[in-house]
Amino acid sequence: AAMFTILTMYIGSKTYETILTVAERSSVMIVTDCGEAVAEALTNAFHRGITLWNGHGGYSQTSKEVVYCVIVNIQWHDLVEIVHKTDETAFITAVPVHKIMGNFKNVW
């Protein structure tokens, strides 16, 4: 009985952790030379709003574009593939998001 209880608790906690991890969101910033193309590819793939702004590389001293969006963490692998197909030299960062206000739909 004790072994069954321990096993049940372990499976339950792993299931709970997996569900929470999948449902977590991250804000993603992509620094690229191909901002319009990256934004279009991400919009087509994820059906999400994308924000673009102009940037300037402090190290490279060149003009860059910054693409910003919020994704569900399970989309991370797909996002990286899409961005690297469009621009292999893109710089991508992700930060956990705890609250979102506005038009964000959990489209998986």
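This is a predicted model: local features need pLDDT of at least 70, side-chain atom pairs count only at pLDDT 80 or more; totals for chains, interfaces and linings use all residues.
A residue is called buried here when its relative accessible area is under 20%, and exposed when that area is over 50%.

Helix 3 spans residues 76–86, and its buried residues are L79, I82 and V83. These residues lie on the same side of helix 3, because the arc they cover around the axis is only 95 degrees. An α-helix has 3.6 residues a turn, so residues three or four places apart point the same way. On the other side of helix 3, H77 and K85 are exposed.

What lies over the buried side? The cover of the buried residues of helix 3 includes strand 1 (25–32) and helix 2 (35–46), together with strand 3 (63–72) and strand 4 (91–97). Leaving aside neighbours within four places in sequence, V83 is in contact with I30, V38, L42, A90 and I92.

V83 also belongs to the largest nonpolar core, which has 13 residues. V83 is among the residues with the most contacts inside that core, along with V28, I30, L42 and L79. At least two residues of this core come from each of strand 1, helix 2, strand 3 and helix 3. In soluble globular proteins, nonpolar side chains tend to be buried together.

Part of the chain carries an annotation. An unreviewed UniProt entry lists residues 48–102 as "domain: DUF2179". Over residues 48–102 the chain is 42% strand and 20% helix, and the end C-alpha atoms are 12 Å apart.

The aromatic rings form 1 pair. The ring centres of W53 and Y68 are 6.2 Å apart and the planes are at 35 degrees, so the pair counts as tilted. The pair links distant parts of the chain, with W53 in strand 2 (residues 51–56) and Y68 in strand 3, 15 residues apart. W53 counts as partly exposed because its relative accessibility is 37%. Y68, at 28% relative accessibility, counts as partly exposed.

The cysteines remain. How many disulfides does the structure hold? The count is 0. C34 is in no disulfide, and the nearest cysteine sulfur, that of C69, is 16 Å away. A disulfide would need the two sulfur atoms within 2.5 Å. C34 has 30% relative accessibility and so counts as partly exposed, whereas C69, at 2%, counts as buried.

Key
Residues are numbered from 1 along each chain as its sequence is written. Side-chain values use heavy atoms; hydrogens and water are left out. Buried means under 20% relative accessible area, exposed over 50%, partly exposed in between (1.4 Å probe, protein chains only). Helices (H or I, at least four residues) and strands (E, at least two) are DSSP runs, numbered from the N terminus. The arc is that of the directions from the helix axis to the C-beta atoms. Contact means heavy atoms within 4.5 Å. A nonpolar core is a set of buried Ala, Val, Leu, Ile, Met, Phe, Trp, Tyr and Cys residues joined through side-chain atoms within 4.5 Å. UniProt positions are given in the numbering used here, feature names are shortened, and annotations may be inferred rather than shown by experiment. Rings of Phe, Tyr and Trp (its six-membered ring) pair if their centres lie within 6.5 Å; planes under 30 degrees apart count as stacked, over 60 as edge-to-face and the rest as tilted.
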